[in-house]
There are 2 protein chains.
Amino acid sequence: MTYCCGILVREGLVMVADTRTNAGLDNISTFRKLHVFERPGERALIVASAGNLSVTQGVLHYLADGLENPETGVNETIYDCANLMKAAHFIGRAVRRARIEAFDPDVQSAGVNFDVSLLLGGQIGAASPRLFMIYTAGNCIECTTDTNYLQIGEHKYGKPILDRAVNYDTSINEALKIALISMDSTIRSNLSVGPPIDIVLLRRDALRLDVSTRIEANDPYFRDLRERWSKALREAHMAIPAPPYGDRAP
Amino acid sequence: MTYCCGILVREGLVMVADTRTNAGLDNISTFRKLHVFERPGERALIVASAGNLSVTQGVLHYLADGLENPETGVNETIYDCANLMKAAHFIGRAVRRARIEAFDPDVQSAGVNFDVSLLLGGQIGAASPRLFMIYTAGNCIECTTDTNYLQIGEHKYGKPILDRAVNYDTSINEALKIALISMDSTIRSNLSVGPPIDIVLLRRDALRLDVSTRIEANDPYFRDLRERWSKALREAHMAIPAPPYGDRAP
């Protein structure tokens, strides 16, 4: 499984991804799912991937090495896309191509899933930072100021904190904290999501990543965040008054 | 959809269930999913149901009106089961029967799901309170002191708080609060889970329910709990220090 989350705020963009892949429960590995395509001063793009690993690796190959533009016949990479929407469509084409190459109907009938989903976040030139989700069909949706986060993979455990705590005016550092709390909730409840965690932080108009690092399981800040969060939750429910329902008191 | 949760603690048992059913997103109704079978002083049993409504209603019919015991030929109801394990097996037989009666392979091929799952909690006589989950195959598992809660329906959104906050030594009132927080998280993230919420609280050896009530959407305690919880979560993440990751500070 996988959990990746992107949060778009006024100050910029945060993306986090776990690194655990599994083929069954008895075959667990570590693979990077957060990929950076950066030309400082011109563009900073981050792609997060979930789903069939052979398909997502195929997609990444096309993003870096290029795919023929069907209209011009020219080979293009993600560095050639003029804006984020075009980059999202380009990834959609790469998904279709990589999925066709990996797909086998007999193998799918045997239970192998060839689906993928990806997030694309970043900024190109003077345009605002944007965040997209690309589906297995190659189509995409864009994050808005109303719903300013997108998730792929095991999204449910980490969603309640996002629904409660983030909006477009959340500070970028707060967004990173909340993304890490969301990741922690997911890791606690789904064994197939696990550390290390890759994180990136892109400030609006910086056109280069401010943070791009890997958080290991024993990272002191992440450990402290997990402990503080657990303690705060315990104190929070203990501070709520006792339920008054006793219509059938003995 | 549905969300029901049972928590077994040293002091007794708490069960909560929402009341929303839906056939598609455009056909939403209110149905009770928490059912009490009680003979004060002798037994107090609570059954929560999720899944295909025609099957769960068939199951409830058999629990109350009886099913022939295949060994003795005698008609038995849930009131005739000598202990909780026998009651769980009895419900399993009722599930198999009701599912066969409702099942149609052509309709299933068209996408209708005939699966159900149920929780059975309670106490019979001097034996300890117990909590079971009964699957659509009619088999069951029992909650233990290691993992002292069980969920059916939309279980993911409400699981992180249970994983963090409850254990067998949690007080019964605290367990009810946590169950309501878990329900609140689920309601916030899944439209097809909704109020009113039915709750029961059974104290060890009471052999009658201490609380059996319905919490409406505008219930003052539940509203206060939701507000306090949201506020505490906001304060909790704001109290966590800012992330120290700035390896690529501009």
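Which residues of α2(B) are buried? They are Leu84(B), Ala87(B), Ala88(B), Phe90(B), Ile91(B), Gly92(B), Ala94(B), Val95(B) and Ala98(B). Buried means under 20% relative accessible area, exposed means over 50%, and partly exposed lies in between, with a 1.4 Å probe and protein chains only. An α-helix has 3.6 residues a turn, so residues three or four places apart point the same way.

This is a predicted model, in which local features need pLDDT of at least 70, side-chain atom pairs count only at pLDDT 80 or more, and totals for chains, interfaces and linings use all residues. Residues are numbered from 1 along each chain as its sequence is written, chains are lettered from A and ligands numbered from 1 in the order in which they are written, and side-chain values use heavy atoms, with hydrogens and water left out.

Stay with α2 of chain B. It spans residues 84–102, 19 residues in total. From first C-alpha to last it reaches 26 Å, close to the expected 27 Å. That expected span is 1.5 Å times one less than the number of residues. Helices (H or I, at least four residues) and strands (E, at least two) are DSSP runs, numbered from the N terminus. At the start of α2(B), a side-chain oxygen of Asn83(B) comes to within 3.1 Å of the backbone nitrogen of Met85(B).

Now the pairing of the chains. Two copies of a chain are related by a rotation about an axis and a shift along it. Here a rotation of 180° with 0.0 Å of shift superposes chain A on chain B, at RMSD 0.0 Å. That is the relation of a two-fold axis. The same surface serves both copies: 100% of the contact residues of chain A recur in chain B. Contact means heavy atoms within 4.5 Å. The superposition is by least squares on the C-alpha atoms of residues with pLDDT of at least 70 in both copies. Of the residues of chain A, Tyr157(A) comes closest to the rotation axis, its C-alpha at 2.6 Å.

Asn190(A) touches Met1(A), Glu154(A) and Tyr157(A), not counting residues up to four places away in sequence. Asn190(A) sits in the loop between α5 (172–189) and β13 (197–203) of chain A. It counts as buried because its relative accessibility is 13%. Its side chain makes a polar contact of 2.7 Å with that of Ser192(A). A polar contact is a pair of N or O atoms within 3.5 Å; within protein, one must be able to donate a hydrogen and the other to accept it, and residues adjacent in sequence count only if both atoms are side-chain atoms.

Most residues other than glycine have a negative phi, and most peptide bonds are trans. In the loop between α5 and β13 of chain A lies Pro196(A). The bond to it from Pro195(A) is cis, with omega near -5°. In chain B, Pro195(B) and Pro196(B) are also joined by a cis peptide bond, with omega about 0°. Asp205(A) has a positive phi, near 70°. Asp205(A) lies in the loop between β13 and β14 (211–215) of chain A. Leu207(B) has a positive phi near 55°, and lies in the loop between β13 and β14 (211–215) of chain B. Leu207(B) is buried, with a relative accessible area of 10%.
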